[in-house]
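Q: Please take me through how the features of a structure like this one are read, one at a time.

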Amino acid sequence: MAVLPSHCVDEEELASLKSLVETQSEADDDMIGMEEDFRALLRKTAELEGAEAEAEAHSPSDELAWAESLEGAAREAAESLADEAEALRRGAAALALRPGEDAITVAAALRRRAALVDARRAEAEEVAAAAHRLQEKNLRSLAAREEEEAHLDDLSWLLGLVAGTVGPSLRGGASSCLAAPQELDELERACAATEERMAWLAGSLGRGAAAFAARPGCEEEALVGALRRQAEHADGARAAVVEPAAPVRRLRDRGRQDV
């Protein structure tokens, strides 16, 4: 890498980098803690990736959500660490052009720190790759369970609860008093959470299908088709929650007006 001239780093940034060197012990502790966190995540993803479908402690959609979130966070961390390492190298290059033993000492410390940050960046990228593999595993698992549509179980329960709670109340039946404001608030939150989850699941399945289909020489048409159908099922589930959520809100608002 070419040595950058000193004007590529302003005095404020240099002062910040020198301050980092002065607190080197704390900075090293941060790097050690980050390394331990990344290693723990790698062990967790390896454990989940190697688990047999019958022995899975969580549903494929739950694992998919966790892995998707983890990949995004790990990639953000890798980008941030790459930026930090680059800033450290710029600072070291700028200080190397300045006279004095202090500048040489700080430049060496910055290069050492940059090497540590680069190591953590590589680990973050490793975590992101492991999370991506775990996503693929769970996408395949969801596609294989297409006939079960297991992710709709909670939806059936929720719709039954809405019908049992809201239906009699809207008709003015004898059980209308059972729909207390607090219960309606909780029911509305459950509807909103289910709608959000189904929207996410539909999007995730659709993105997975597109990613598999875009692979050169893709020979997994059956997998792509199953994922697309699952995405349609999930989107249908999302739409199914929207309609009953409206009377829940109306009944809740009516109850508040009557107070």
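A: Helices α3 and α4 are roughly antiparallel to each other, a term for angles over 145 degrees on a scale from 0 to 180 degrees between N-to-C directions. This is a predicted model, in which local features need pLDDT of at least 70 and side-chain atom pairs pLDDT 80 or more, while totals for chains, interfaces and linings use all residues. Residues are numbered from 1 along each chain, and side-chain values use heavy atoms, without hydrogens or water.

Q: At what angle do the axes of α3 and α4 cross, and which hand does the crossing have?
A: The axes, lines fitted to C-alpha atoms over the stretch in contact, come within 7 Å and cross at roughly 160 degrees, and the crossing is left-handed, the near helix being turned anticlockwise from the far one by less than a right angle. The residues of this contact divide into 28 nonpolar, six polar and twelve charged.

Q: How many salt bridges are there?
A: Side chains of opposite charge can pair when their charged atoms come close. With a Lys or Arg side-chain nitrogen required within 4 Å of an Asp or Glu carboxyl oxygen, the count comes to 16 salt bridges. One of them joins Glu35 and Arg120 at 3.8 Å, N to O; Glu35 lies in α2 (residues 24-50) and Arg120 in α4, so the pair ties together parts that are 85 residues apart in sequence.

Q: Which element gives the largest share of the lining of the second largest pocket?
A: Helix α6 does, with five residues. The lining, which includes Glu68, His132 and Arg207, divides into three nonpolar, four polar and five charged residues.

Terms used: On a 1 Å grid over the protein atoms alone, a cavity is a set of points where a 1.4 Å probe fits but cannot get out, and a pocket is an open set with protein on both sides within 12 Å along at least five of seven lines; lining residues have an atom within 4 Å of a point. Helices (H or I, at least four residues) and strands (E, at least two) are DSSP runs, numbered from the N terminus. Ala, Val, Leu, Ile, Met, Phe, Trp, Tyr, Cys and Pro count as nonpolar, Asp, Glu, Lys and Arg as charged, and the others, Gly among them, as polar. Angles under 35 degrees count as roughly parallel, over 145 as roughly antiparallel, 65 to 115 as roughly perpendicular and the rest as oblique.
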